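This briefing is meant to be read beside the sequence and the 3D structure. Please have both open before going through the points that follow.

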Amino acid sequence: MTREPANLSVWQKPAAMPAASGPVVDRGSVDLAVIGAGFQGLSAALHAARRGLSVQVIEAAGLGEGASGLNGGQVIPGLKFDPEALIAMLGPERGATLTEFSAGTADAVFDLIAHEGLKVPHRRTGWIQAAHTETALLAAAQRNRQWRAHGADVTLLNQAEIALLTGANGYKGGWLDRRAGTIDPLAFVCELARLVANLGVHIALNQRVTGLRREDGGWRVTMADGGEVRATKVLVATNAYSDALIPCLAQSLVWLHSFQIATAPLPSELDDIVLPHGQAVSDSRRILLYFRKSPDNRLVLGGRGPMRVPRGPEDWQHLERALKRLYPALAGLPIERRWFGRVAITADFLPHLHEPEPGLLMVAGCQGRGIGLMTALGAPLADYIASGDAAVLPLPLSPIRPIPLHRFRRVGVAARIAWYRMLDRLER
């Protein structure tokens, strides 16, 4: 995600910011260099430092200026696919391992906030997947059956129940996952950085890595300003911001823009109607909408936007129309914030873990579940970096596979989004 001058979100940095630093200083060799100070990079740095490894974090921008500080703040466990699909795709052993891991990704976030006393506004009141058609409601029933079989605290909602929980128009029912919740994502990434810095980890901001070279059994990491770091192992935690640093990595991903708007604070007479219990919501549309209340009681609503960088407020008008359709009573409430960011998806809609060369690791592809997924991956990544035992990893190591005709992929995605929008309108 890229922060533009008018790209102002509602999220807030905590008052006590981490002691992040400027240029990389030469401290000799470190055990681990982490490229990217988002959820993945900072969580891995935290767990690696607690295992006694020396760590250097290098971030091309400032804290929270990418996806980790500009997302919707929905902490959702699980993956794009349900347990039975994961087992069918990966086999009984790998599928069961990934199902168990993904079931606990929200726990990783909320447990860390609680145990460390992080100053992160949060609510763990659940996440609703809202069904806009009868077909989507049947799919929700299958999802409910599968996750209940795994002991998850989930339930199916009928039309009256989802109307009471959301106050929104147009849903046939839905699925409530009580394991989920919401956070202020910018506060969370800043507090993660504070924890990491307090362990003595050097965090270099506004330092773009331009080169990686295998050398003497380790790695030489080169910055745009000529600075260098020598590391035994490297974690490239750049996800949707991956460029040419790792050959073919960017070509294995499709990145999209996710746009969001936030209203003025809700008037008191609507507070008990609009999401009265504070759940987050994503719906079942092909081009889905997602919404929640912010800590300062605004309604925040997001969805896909143009593939290009926005040019003005009109690029958010599709979200304003959706807001009025879902909540006609909010039609006169001003839209006070608009922002956007970049998300990465993979061809098979699963996260990918790569080690193209010994000691060079990366995970990419969140599919909208990045807060929980990338935070939870920090511990097993640190375990693998420390031990070299691939059995500790919840994801299989896989080769980087570029998407065929990748340069035309975004054109195709834009056309598909336009087609899906039309189908969604026809279903209303």
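In this predicted model, the side chain of T99 comes to 2.8 Å from the backbone oxygen of G95, a polar contact, meaning a pair of N or O atoms within 3.5 Å in which, within protein, one must be able to donate a hydrogen and the other to accept it, while residues adjacent in sequence count only if both atoms are side-chain atoms. The model is predicted, with local features needing pLDDT of at least 70 and side-chain atom pairs counting only at pLDDT 80 or more, whereas totals for chains, interfaces and linings use all residues. Residues are numbered from 1 along each chain as its sequence is written, and side-chain values use heavy atoms, with hydrogens and water left out.

- T99 lies in helix α4 (residues 92-103), where helices (H or I, at least four residues) and strands (E, at least two) are DSSP runs numbered from the N terminus.
- Once residues up to four places away in sequence are set aside, T99 touches P83, L86, W147 and H150, contact being heavy atoms within 4.5 Å.

**Helix α8**

- Helix α8 (residues 185-198) spans 20 Å from its first C-alpha to its last over 14 residues, close to the 20 Å expected at 1.5 Å a residue, the expected span being 1.5 Å times one less than the number of residues.
- Twelve of the 14 residues of α8 are buried, so this helix is largely enclosed by the rest of the structure.
- The partners against which the buried residues of α8 pack include α1 (39-50), β8 (181-183), α5 and α11.
- At the start of α8, a side-chain oxygen of D184 comes within 3.1 Å of the backbone nitrogen of L186, and after the helix comes G200, which has a positive phi near 90°.

**Strand β11 and R220**

- R220, which belongs to strand β11 (residues 218-223), is buried at a relative accessible area of 15%.
- The side chains of R220 and E228 are joined by a polar contact of 2.3 Å.
- Apart from neighbours within four places in sequence, the residues in contact with R220 are G211, L212, R213, E215, E228, V229 and R230.

Definitions and conventions
Buried < 20%, exposed > 50% of the residue type's maximum accessible area, 1.4 Å probe, protein only.
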